[in-house]
Amino acid sequence: MRSIRIFGSPGLRSVSRDVDPAADASLLGELLPEMDRLLTEEEGIGLAAPQAGENIRVFILETSMLPSLCGHRVFVNPKLEAYGPPSRREEGCLSVPGIYEPVTRPSLLRISALDPSGIRFELELDGMAARAAQHENDHLDGILFVDRLGALRRKLLRSKLQKLAGG
Ligand SMILES: [Zn+2]
């Protein structure tokens, strides 16, 4: 059984590799149900593969909370194009428990990705779905939402983050 990597884990800071849907089929077959289980147990809105211990370019989003996803829950090798006026809203992360901070991101998103069987789909997102997809995609590049805060907020959070990292 997999568990969620917490802030301080080096795997959260790695750039993840692309998935080969054929060669990685057995890995995805094991990983995706585990990611589903973790996301449901933790009542999160999204989870990226690096958080579940696998540095490959996959994330999942909770479709019941995000109807604009049209049922697309799994995003493999996603390509994002964020645009539009910036919006600022509180975010949290299952890998950074207990910390919730407003993050500024572009409000609109075009996303192209593969589904688990390797079929490409595209979506235009706004609101919470656009934000959640950008947050999860950041994980694939080793970026955490606390990296996107201003210098002052990061300074104020430093001791909390050090505690999470066990240092
Ligand atoms: Zn996160």
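This is a predicted model: local features need pLDDT of at least 70, side-chain atom pairs count only at pLDDT 80 or more; totals for chains, interfaces and linings use all residues.
Biologist: In what order do the elements of the chain run from the N terminus on?

Modeller: The chain holds 3 helices and 5 strands. Read from the N terminus on, the order of these elements is α-β-β-β-β-β-α-α.

Biologist: How compact is the chain for its 167 residues?

Modeller: The C-alpha trace spans about 45 × 40 × 25 Å along its principal axes. For 167 residues the globule rule gives 15 Å, and the radius of gyration of the chain is close to that value, so the chain is as compact as a globular protein of that length, with a radius of gyration of 15 Å.

Biologist: What share of the contacts with a separation of 6 or more joins residues 24 or more positions apart?

Modeller: Of the 167 residues in the chain, 47% are buried. Among contacts with a separation of 6 or more, the share from residues 24 or more positions apart is 63%.

Biologist: How far apart are the mean positions of the positive and negative charges of the chain?

Modeller: The chain carries 21 positive and 23 negative charges.

Biologist: Is Leu114 buried or exposed?

Modeller: Leu114 is found in strand 4, residues 101-114. Beyond its neighbours within four places in sequence, Leu114 is in contact with several residues, among them Pro21, Val74, Phe75 and Phe121. Its relative accessibility is 10%, and the cut-off for burial is under 20%. Leu114 therefore counts as buried.

Biologist: How far apart in space are Leu114 and Val58?

Modeller: Along the sequence, 56 residues separate Leu114 and Val58. From C-alpha to C-alpha, the distance between them in space is 9.4 Å.

Biologist: Where does Cys70 lie, and is Cys70 buried or exposed?

Modeller: Cys70 is not a glycine, although its phi is positive, at about 50°. It lies in the loop between strand 2 (58-61) and strand 3 (74-91). With a relative accessible area of 61%, Cys70 is exposed.

Biologist: Which strand holds Asn77, and what is the phi of this residue?

Modeller: Asn77 has its place in strand 3. At 10% relative accessibility, this residue counts as buried. Asn77 is not a glycine, yet its phi is positive, at about 45°.

Biologist: With which residues is Leu28 in contact, leaving aside its neighbours within four places in sequence?

Modeller: Leu28 lies in helix 1, residues 25-42, and at 4% relative accessibility Leu28 counts as buried. Its C-alpha atom is separated by 38 Å from that of Ala151, 123 residues away along the chain. The residues in contact with Leu28 are Val19, Pro33, Ile56, Val58 and Pro116.

Technical notes:
Residues are numbered from 1 along each chain as its sequence is written. Side-chain values use heavy atoms; hydrogens and water are left out. Helices (H or I, at least four residues) and strands (E, at least two) are DSSP runs, numbered from the N terminus. The radius of gyration is taken over C-alpha atoms; the globule rule is 2.2 Å times the number of residues to the power 0.38. Buried means under 20% relative accessible area, exposed over 50%, partly exposed in between (1.4 Å probe, protein chains only). Contact means heavy atoms within 4.5 Å. Lys and Arg count as positive and Asp and Glu as negative; His and the chain ends are not counted. The place of a charge is taken as NZ of Lys, CZ of Arg, CG of Asp or CD of Glu.
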